[in-house]
Amino acid sequence: MGIDNSQSRERAEEPKIYLVGGAVRDRLLGLPVVDRDWVVVGATPAELLKRGFRQLPGDFPVFAHPHTGEEYALARRERKTGSGYHGFSVETGPDVTLEEDLARRDLTINAMAEDDQGRIIDPFNGQEDLDKGLLRHVTPAWVEDPVRMLRIARFAARFDPWGFRVAHGTHGLMKKMVASGELAHLQGQRVRQEMEKALMTDRPWRFFQVLHACGGLKQLLPALAAQLPEGGHGQDAEARPWQLLRRAVAADAPLRLRLAGLLQFAVDEEHDAGKLVEWLGLDRGTAALLREWLRLRAMLETFVPADPDIWLNILNGFTHRREELEQLFSLSMPETAAELLPRMAQIREVVEQIRGDELRCQGWEGRSLGDELRRRRKEAITAVLEDAS
Ligand code: ATP
Ligand code: MG
């Protein structure tokens, strides 16, 4: 194992270590490998601890390498213990084989291992599926973990430039998982994590399309699903949320803008922003951006360009987080934004010249100061608007 192995010399067989999962897949695809996961076959936790590995917190025996910090998991198998979902248990032990460990993985392209000689171990034909561009489940036990639904959608987004699609049989299992109500067990936080990863790919809409095609989006983000044609097999290419995502990718927009931009479509009369924010565990910045944008959007949708009162409210709305809100405006309503943003800058300049402290010097105070400020600002806005027309 490359560490101190003097302790285990008397064992008949040395533990074997394999590179597994995403690292093998990405290397075969010719992509840079960011994080590497390892599996250890034929060892016990005590042996790894003796060799200086540190056990990581969690449900399964996973260890950090003493020098590289990379994750080494003891091989484990899943065994069915009863009928229905969740009717299985996980076992580890020095007798668990590499093939058993690979069999519990989600997709065939993620179920390959590589030994220390660079040989690929591929019992589920992952390489063939990589060549064909297929996202295919390893075994029917795939339906037992709803996180796999999010993962397959994320891989569809990430590998869309290579033409990857969901295998027919796997699509069937996805529909089965949706029908079983299993998605209700997903934690919002987990949905957000996978969604965030997908949003940062170059084809983020694929994540949502794949979830929609099996009926899963309706359960996870019903208001978003309601805006798409049933089934989502390509007829939805011009859907507004996807148009926004395409613009966000083209503008290389940061995550927060993509997230708030997309989530505005997951809110409607029945599904309010507060519940969505709480369920997903959105950070405060993104939550505030989403809320402020929704408020502004409502104003902008009924906007009368000649009304100075509304202009003042809009200017106010764009005070905090101005840069982000303006970007979100451009991503969401590009034509309106192109027309209004330059005018808004002009009006802001004029309005900012009329200041409360100056009115105070002129003797205004309290409520009447506020009224006078607003009156003069509206007057200035009207003058700008008349000049422009
Ligand atoms: P990424 O490139 O995003 O890290 P990954 O496939 O490496 O993709 P990880 O979360 O690092 O994803 O998981 C490592 C491996 O563990 C996967 O390749 C897969 O074999 C297995 N795995 C992870 N999550 C699941 C799951 N929910 N069900 C089955 N196998 C899983
Ligand atoms: Mg990984």
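The largest pocket in this predicted model holds about 1500 Å³ of space. Sorted by kind, the lining is made up of 20 charged residues, 14 nonpolar ones and five polar ones.

Where does the lining come from along the chain? Both domain 1 (1-132) and domain 2 (146-282) contribute, each with at least three residues. Several helices and strands supply at least two residues each, among them helix 1 (22-28), strand 2 (37-41), strand 5 (71-74) and helix 7 (188-199). Helix 5 (147-158) belongs to that group as well, and with six residues helix 5 gives the most to the lining.

Attention can now turn to ligand 1. It has 15 residues around it, of which R25, N110, D145, R148 and R154 come nearest. Polar contacts with side chains can be followed atom by atom. For R148, a polar side-chain atom lies 2.8 Å from a nitrogen atom of ligand 1. Oxygen atoms of the ligand take part too: one is 3.0 Å from an N or O atom in the side chain of R105, and a polar side-chain atom of R151 is found 3.2 Å from an oxygen atom of ligand 1. Taken alone, ligand 1 exposes 580 Å², and 78% of that is buried by the protein.

Methods: Residues numbered from 1 in each chain as written. Chains lettered and ligands numbered in written order. Predicted model: local features only at pLDDT ≥ 70, side-chain atom pairs only at ≥ 80, totals over all residues. Heavy atoms only, no water. 1 Å grid on protein atoms, 1.4 Å probe; cavity = no way out; pocket = protein on both sides within 12 Å on 5 of 7 lines; lining within 4 Å. Points joined across faces, edges and corners; volume = space filled by probe spheres on them. Helix = DSSP H or I, 4+ residues; strand = E, 2+ residues; numbered from the N terminus. Nonpolar A, V, L, I, M, F, W, Y, C, P; charged D, E, K, R; others polar. Domains from an automatic or database assignment. Near = heavy atom within 4 Å. Polar contact = N/O pair within 3.5 Å; in protein donor to acceptor, adjacent residues only side chain to side chain. Areas by Shrake-Rupley, 256 points an atom, 1.4 Å probe, with all protein chains shown as cover.
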